[in-house]
Amino acid sequence: MCIFEILEARDLAPDVRYLRIKAPKIARRRKAGQFVIVRATPDGERIPLTIADSNAEDGWIALIVQGVGKTTKIVNLLEAGDAIRDVAGPLGMPSRIERFGTAVSIGGGVGTAIAYPTAVALKEAGSYVISIIGGRNSSYVLLEEEMRAVCDEVYPTTDDGSYGYHGFVTDKLTDLISERRHLDFVLAIGPIPMMKAVAEVTHPHGIETVVSLNPIMVDGTGMCGGCRVVVGEETKFACVDGPEFDAHQVDFDLLARRNRAYADFERRRDDEMDPECVIGRSHTAPGATS
Amino acid sequence: MKEFTLRERMTMARQTMPEQPPGERRANFSEVNLGFTAGLAVLEAQRCLMCSRTVCIDGCPVGVQITEFIDLVAEGDFDGAAKVIKRDNSLPAICGRVCPQEDQCEGACVLARKGRPIAIGALERFVADYERLNGLMTAEPPSVRSGKAVAIVGSGPAGLACATDLAKQGHDVTVFEALHALGGVLTYGIPEFRLPKEIVQAEVAQLEKLGVAFVTNAVIGMIDTLDDLLGEEGFDAVFVGVGAGLPRFPNIPGENLIGVYSANEFLTRVNLMKAYRPDSETPVYDVAGKRVAVFGGGNTAMDASRTALRLGAEKVAIVYRRSEEEMPARNEEIVHAHHEGVEFQMLTNPVEFLGDDEGFLTEMRLQAMELGESDDSGRRRPVPIAGSEWTEGVDMAVVAIGNSPNPLLPKTAADLEQTTRGTLVADDETGRTTKEGVFAGGDIVTGGATVILAMGAGRRAAASIDDYLRGGVWESKPAGVPV
Ligand SMILES: Cc1cc2nc3c(=O)[nH]c(=O)nc-3n(C[C@H](O)[C@H](O)[C@H](O)COP(=O)(O)OP(=O)(O)OC[C@H]3O[C@@H](n4cnc5c(N)ncnc54)[C@H](O)[C@@H]3O)c2cc1C
Ligand SMILES: Cc1cc2nc3c(=O)[nH]c(=O)nc-3n(C[C@H](O)[C@H](O)[C@H](O)COP(=O)(O)OP(=O)(O)OC[C@H]3O[C@@H](n4cnc5c(N)ncnc54)[C@H](O)[C@@H]3O)c2cc1C
Ligand code: SF4
Ligand code: SF4
Ligand code: FES
């Protein structure tokens with residue numbers, strides 16, 4: 001049986017860890033936008049995590065994990081030299097990568113980690129890439145350096161103005177649009193209210209917008225239907241049909257409600273869980289504009 | 001040992017298998033059936049008339065030598081009996097428990113007409129358990145190796161059976177499984193109280209002793225395509241046994257409310273992820289004291305309803321659009337469900353699910369049905385009765401109306417022909433698909449069927465793979481499938 005060794009583990013922000021994991025096969029196959037399902041302990045839960053980076057030659061993949069509940073917190077206790085028992089993937093459809101005139105990558109909180117590989121791929125495809133990195137405060141502005149290395153313009157934003165642009169990612173996006181910049185494509189990944197707000201900003205301007213959805217998953221192979229989301233009136237399984245979908249078609253309210261299905265259980269299981277910093281949490285999530 | 005006359009045999013009562021009392025078992029996940037004792041098994045075996053026309057054997061999809069093994073049971077040679085069964089059925093402890101015997105071996109038994117068929121399934125289960133519990137299972141990799149390597153995709157009954165035969169032929173076999181645990185539906189679908197997971201694990205351990213390698217977390221199509229397996233990964237042939245794991249939904253308003261589960265999700269959370277244990281990391285909807293409706297009439301519906309009872313639901317109803325007679329589930333499961341207190345709401349169909357502001361299921365709208373003309377399958381078609389709709393309160397709904405073939409792998413192999421139903425086109429006798437070196441069998445070819453049929457298909461494919469590997473000629477005449 002494979003054992004997935006952790007080669008490097010470090011903090012990126014409070015409760016956010018960067019893990020580099022030995023997984024040669026996944027590293028060779030994965031494409032931007034895909035994820036893995038991870039099980040940290042023998043009886044543990046299966047959780048989906050995006051592949052934030054990889055190196056096929058050296059045989060590793062990187063995950064960026066925000067400790068929001070029991071399983072992610074356990075993962076974030078791991079150190080280099082430890083091993084993860086189960087890592088299955090790559091899963092999901094790869095991001096649609098094209099050469100766009102100008103593409104904007106918007107990440108809220110740990111969503112930036114999920115957007116990063118796609119931003120890299122868009123740049124490699126020849127697009128002009130603008131990155132907006134949203135955080136509640138300066139310590140939640142993730143991967144700024146990495147984004148600067150690949151993107152043409154990078155705008156950190158903070159809700160409290162402690163760093164970069166003072167305001168929500170949508171405020172910065174609205175500025176870009178009102179500066180009459182021609183934007184061809186927007187990728188938005190973060191808390192549900194943030195993605196919904198971005199969709200509302202771009203819709204009237206007819207800017208093609210894609211979001212990466214984070215419903216609760218179990219198998220990640222299309223077998224359980226737990227991850228179903230509604231896109232343009234149609235039910236889709238996010239793990240095999242997505243996770244990226246046309247933002248203007250997504251029923252965000254349904255997704256937000258479904259993600260609260262086990263709220264009581266999660267609270268009981270992890271009473272010291274901080275409800276403020278959950279990707280996918282609707283009401284109190286970072287970078288939220290609603 | 002006492003010999004019975006034919007007349008005595010004909011009048012002896014069918015031995016009933018001891019089981020946990022309904023009141024007790026509906027509160028635990030331990031196996032319901034406790035199995036024959038040696039004494040009961042011998043008595044039951046002695047009832048067999050040893051007919052010269054072995055209609056029972058004709059009734060078994062894989063032709064288990066029923067008279068031969070029952071004869072050995074009657075003589076007390078339980079291990080010998082197990083070995084006889086294993087010539088045709090490599091998973092008797094499982095099939096003895098889950099085969100729809102009343103439609104197969106026992107249904108064909110001459111004594112079935114008197115309502116007292118030989119309890120072939122219970123005997124099969126008994127000897128297989130005897131063999132396992134007494135450490136008599138044998139497995140040794142053959143010393144003569146073929147030098148050929150076969151990849152098996154999917155570790156359900158089709159894959160496991162195929163792997164067994166190929167390993168015994170001296171081929172190097174690797175099983176790739178998408179999940180972290182092996183066994184397919186046997187592990188994530190069928191509950192512990194009907195098929196203890198320890199039995200599936202014992203079968204897997206046997207295969208490991210035969211030299212079969214298992215790779216979990218390997219989603220073929222994503223990590224490797226079939227071409228990768230046949231190319232850079234160096235396999236000489238591939239068997240595809242990925243099952244029918246795509247849950248169907250009724251496509252009615254409200255089916256995405258919280259509390260509406262597919263049976264696959266509900267059972268996976270409980271069986272695979274052990275959500276019934278208090279210390280489980282995986283949540284399942286808390287049904288304690290609540291009302292549950294399960295839609296469907298097959299084994300999956302019975303499993304889901306009885307699982308919900310065991311999680312403490314106050315009321316569990318099976319809602320089925322035909323009548324109880326048409327239910328495809330095994331008889332025993334229907335009887336057990338009744339005894340445990342599951343309610344049966346027949347000739348009823350859901351038309352809508354309703355919820356509260358938070359998106360939680362609170363009510364369902366149902367509709368009465370009546371049976372009309374017979375359809376292609378010979379069953380009378382349920383027709384809605386106009387104006388019969390009503391609303392009932394419900395806290396959790398489980399949809400168990402069937403699964404479609406899993407499209408994930410077929411989608412990544414364009415040269416693998418599919419039918420319009422999404423099943424793979426493969427020759428029934430040889431398992432050969434439209435792609436050279438690729439064989440398939442089980443639910444991915446037939447659509448949702450049974451363990452024994454999947455196993456049989458796996459074994460036929462193994463024989464044909466062995467042929468192909470030794471002769472190297474690819475001849476494929478997949479049966480033309482009506483479009
Ligand atoms: C395709 C996809 C990619 C993701 N990528 C990342 C990533 O790169 N980095 C990252 O930090 N997080 C990512 N997530 C979210 C991550 O999977 C959840 O935060 C994690 O499952 C929560 O588990 P927990 O036990 O720690 O918390 P829990 O206590 O279980 O829950 C905390 C919160 O997370 C949500 N949640 C619970 N279980 C799941 C689940 N199985 N899937 C999704 N959300 C869940 C709940 O709604 C709850 O609000 C991704 C989710 C998806 C669907
Ligand atoms: C709840 C339930 C109860 C049932 N009860 C009975 C019963 O009592 N009696 C009976 O005879 N039958 C029963 N059945 C039906 C029976 O279980 C199936 O017919 C049988 O398991 C089919 O076997 P299989 O090997 O074709 O597929 P499966 O058992 O479905 O196994 C397929 C395996 O392939 C894996 N897989 C899928 N895609 C990939 C991929 N791309 N890469 C790698 N692995 C992959 C899956 O994870 C799975 O483990 C029941 C089914 C269900 C769902
Ligand atoms: S394999 Fe199934 S059908 Fe065949 S004899 Fe055994 S129980 Fe009966
Ligand atoms: S048909 Fe019934 S009685 Fe006759 S040999 Fe078979 S099991 Fe025995
Ligand atoms: S996670 Fe089970 S179908 Fe998507």
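The model is predicted, so local features need pLDDT of at least 70 and side-chain atom pairs count only at pLDDT 80 or more, while totals for chains, interfaces and linings use all residues. Residues are numbered from 1 along each chain as its sequence is written, chains are lettered from A in the order in which they are written, and side-chain values use heavy atoms, with hydrogens and water left out.

**Aromatic rings**

- Over all chains there are 14 aromatic pairs, where rings of Phe, Tyr and Trp (its six-membered ring) pair if their centres lie within 6.5 Å; planes under 30 degrees apart count as stacked, over 60 as edge-to-face and the rest as tilted.
- Phe29(B) and Tyr276(B) make a stacked pair, with 4.2 Å from centre to centre and 15° between the planes.
- Phe29(B) sits in the loop between helix H2 (22-25) and helix H3 (38-46) of chain B, and Tyr276(B) in the loop between helix H14 (263-272) and strand S7 (291-295) of chain B, so this pair ties together parts 247 residues apart in sequence. (Helices, H or I of at least four residues, and strands, E of at least two, are DSSP runs numbered from the N terminus.)
- Phe29(B) is buried at 11% relative accessibility, whereas Tyr276(B) is partly exposed at 24%. (Buried means under 20% relative accessible area, exposed over 50%, partly exposed in between, with a 1.4 Å probe and protein chains only.)
- Tyr468(B) and Trp474(B) form an edge-to-face pair, 5.3 Å centre to centre with 80° between the planes, and both residues are buried.
- Phe29(B) and Tyr276(B) also belong to one aromatic cluster with Phe193(B).

**Charges over rings**

- Arg10(A) lies over the face of Tyr18(A), 4.3 Å from the ring centre. (The rule asks for NZ of Lys or CZ of Arg within 6 Å of the ring centre and within 35 degrees of the ring normal.)
- In Arg136(A), the charged end sits over the ring of Tyr140(A), at 4.3 Å from its centre.

**Where chain A meets chain B**

- Contact (heavy atoms within 4.5 Å) links 42 residues of chain A with 43 residues of chain B.
- About 3600 Å² is buried between chain A and chain B, and carbon and sulfur atoms give 54% of it. (Buried area is the accessible area, 1.4 Å probe, that two parts lose on being put together, summed over both.)
- Met223(A), Arg228(A) and Tyr262(A) lose the most area in chain A to chain B, together 19% of what that side buries.
- Eight salt bridges cross this interface, each a side-chain nitrogen of Lys or Arg within 4 Å of a carboxyl oxygen of Asp or Glu.
- Asp224(B) and Lys25(A) meet in a salt bridge at 2.6 Å, N to O.
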